[in-house]
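This report is written for a reader who is learning to describe a protein model. Please keep the sequence and the structure in view while reading.

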There are 2 protein chains.
Amino acid sequence: LTTPTIGVFDSGFGGLTVLRELLPLVQGAHYIYLGDTARLPYGAKSQATVARYAVESARFLEDRGCTSLVIACNTASALALDEIRAAVQVPVTGVIEPAVQMAHHGREGSEVLVLATQATVQSHAYLLACARRNLQAIEKACPLLVPLVEEGWVDHPVTREVLRIYIAEALLACKPSAVLLGCTHYPLIAAPIAETLREFGIQAPLIDSAHATAQEVGRRLSTEAHAAGAHPATFECFATDSVEKFQRLGSHFLGQPIPRVELLDLGG
Amino acid sequence: LTTPTIGVFDSGFGGLTVLRELLPLVQGAHYIYLGDTARLPYGAKSQATVARYAVESARFLEDRGCTSLVIACNTASALALDEIRAAVQVPVTGVIEPAVQMAHHGREGSEVLVLATQATVQSHAYLLACARRNLQAIEKACPLLVPLVEEGWVDHPVTREVLRIYIAEALLACKPSAVLLGCTHYPLIAAPIAETLREFGIQAPLIDSAHATAQEVGRRLSTEAHAAGAHPATFECFATDSVEKFQRLGSHFLGQPIPRVELLDLGG
């Protein structure tokens, strides 16, 4: 029995929140994380460009020996999952299906609010995935939230004001029974998002796509991994831009130090 | 006498504000604009990555027949001007020297405040260029301003609040005699920047690097171009991501419709 090697891909650091949840969940696994930091963010780019970038990254992870891939990036999952699946031989899990599945639980027929990047919203990937489960998704693009998180303003009056504006606009169109965090940066501002919703009288739970995806992958792999040995999971990291910055910023998302990052040139 | 063909390069749309000023200034010229929109923004990326991207773009413009290049991007000018000059045979103008030259006029020995991206500030390109002219630069990174402009919040309470925070922090360190807009997105929020400075008792003029650079290039080329013929300047545009988005957003920066944009694959 071989140790499962799981590739985790994101445009930047956000996908490290998925890896963070996976590490204690799948004993004995080895993870290869790739952050395409030279070309981030994907959230405002076209389908063709996001698909090209994501396929290059997925191929790299398969070539490194990954036996399955997690696309821990909402934009790439929304815009390029079919292209990625066509480009590699190994199973590929995106973040959208697990998140919608978790939202669906006990909420059939109700409205869910999806907060996401511009590109994810324009793809309507959440809308379609929700419709297949008889959920009505209202998708709201929140382009300033990633820059605010990256500025470190996670508990800041400006972030709360921006959230009030976005959420007030979204609530004109729905009364959600759940709110889906459709970007791996958003869990870092889950508390102000929940507070802002309460200000508007919405008590709906937040569903974190990173958490939902980690749970799904964990369920699928934990038996296989346990059989491979009960030693703790290991990981290595690749980035397409500054490895120093990846180590520094990435450790906040991962919740532990990142001892080493390898620089990767994907030709862009 | 041949018509001058001037390449104008930016990571995205901001450099179109330089082209906008150049069009009426240099009669008879032809402009080739390249926006590296698939890999924007450059403002938070490493020197090595920005230099690689900028050199690829500069080579493309030289190959298309440009007789001189304008690097209409503060980050690329700050981080990669030497690499670009080494990579091409034609003269290259960046935005930093013209801006500092304009700031210097009548202000020797005084303090100037430079608002710019993270990468531009970390390069200290403005600090060094100012020091060479006996000006003391205080550089302030303003990472949220580009996303706010791109969200279209150019006249918005959140933008004014973010400006108050950044400018208050900067004014702890200086009392500027001029304020340099070290990013081609910032002229679109020149009015709220000036208002915020006045709230803090600062009457210093704003110096726009796009305007300063267009003036400098115009001075150098107008004789040559006039001799080539008194017909209006023409332009063509290339982008590395969605041409539809470039046409739509770019026309706001250019101040006129963009009839056609060609998609360019720089291999990234």
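The model described here is predicted. Two copies of a chain are related by a rotation about an axis and a shift along it. In this model, chain A is superposed on chain B by a rotation of 180° with 0.0 Å of shift along the axis, and the RMSD is 0.0 Å. The two copies are thus related as by a two-fold rotation axis. The same surface serves both copies, since 100% of the contact residues of chain A recur in chain B.

## Helix H8 in both chains

Two packed helices are described by the angle between their axes and the distance between the axes. Helix H8 (residues 157-171) of chain A packs against helix H8 (residues 157-171) of chain B at an angle of about 170°, and their axes are 10 Å apart. Angles over 145 degrees count as roughly antiparallel, and H8(A) and H8(B) are therefore roughly antiparallel to each other. On the side of H8(A), the contact is made by A:Val158, A:Glu161, A:Val162 and A:Ile165. On the side of H8(B), it is made by B:Val158, B:Glu161, B:Val162 and B:Ile165.

## The six-stranded sheet of chain B

In chain B, 6 strands form an open sheet with parallel pairing, in the order E4-E3-E1-E2-E9-E10. Its edge strands are E4 and strand E10 (261-263), each of which pairs on one side only. From one strand to the next, the twist averages 20°.

Within this sheet, E1(B) and E2(B) run parallel and are joined by 6 bridges. The bridge partner of B:Val8 in E2(B) is B:Tyr33. Two helices are placed against the strands. H2(B) lies across E1, E2, E3 and strand E9 (234-239) of chain B, and it runs at about 160° to E1(B). Helix H11 (residues 243-254) of chain B also packs on the sheet, where it touches E2, E9 and E10 of chain B. The direction of H11 makes about 140° with that of E10(B).

Strand E1 (residues 5-10) of chain B runs parallel to E3(B), and 4 bridges join them. B:Phe9 has B:Ile71 as its bridge partner in E3(B). E3(B) also pairs in the parallel sense with strand E4 (residues 92-94) of chain B, over 3 bridges. In that pairing, B:Leu69 stands opposite B:Val92 in E4(B). The chain passes from E3(B) through helix H3 (residues 74-87) of chain B to E4(B) in a right-handed β-α-β crossover.

In strand E7 (residues 178-182) of chain B, 5 of the 5 residues are buried, so the strand is largely enclosed by the rest of the structure. B:Ala178, B:Leu180 and B:Gly182 point one way from E7(B), while B:Val179 and B:Leu181 point the other way.

Strand E5 (residues 111-116) of chain B runs parallel to E7(B) and is joined to it by 5 bridges. Here B:Ala116 stands opposite B:Gly182 in E7(B). Strand E8 (residues 206-208) of chain B is also parallel to E7(B), with 3 bridges between them. B:Asp208 in E8(B) is the bridge partner of B:Leu181. A right-handed β-α-β crossover leads from E7(B) through helix H9 (residues 190-199) of chain B to E8(B).

## Details of the backbone

Where does a cis peptide bond occur in chain A? It joins A:Leu40 and A:Pro41, with omega of about -10°. A:Pro41 lies in the loop between strand E2 (30-35) and helix H2 (47-63) of chain A. In chain B, the peptide bond from B:Leu40 to B:Pro41 is cis, with omega near -10°.

A:Asn134 has a positive phi, near 60°, although it is a residue other than glycine. This residue lies in the loop between helix H6 (125-131) and strand E6 (136-141) of chain A. With a relative accessible area of 46%, A:Asn134 is partly exposed. B:Asn134 has a positive phi of about 60°, and at 45% relative accessibility it counts as partly exposed.

Notes. Residues numbered from 1 in each chain as written. Chains lettered and ligands numbered in written order. Predicted model: local features only at pLDDT ≥ 70, side-chain atom pairs only at ≥ 80, totals over all residues. Heavy atoms only, no water. Pairing = 2+ DSSP bridges. Right-handed = clockwise from strand over helix to strand, strands pointing away. Least-squares fit on C-alpha atoms with pLDDT ≥ 70 in both. Contact = heavy atoms within 4.5 Å. Buried < 20%, exposed > 50% of the residue type's maximum accessible area, 1.4 Å probe, protein only. Axes fitted to C-alpha atoms, helices over the stretch in contact; angles between N-to-C directions. Parallel < 35°, antiparallel > 145°, perpendicular 65-115°, else oblique.
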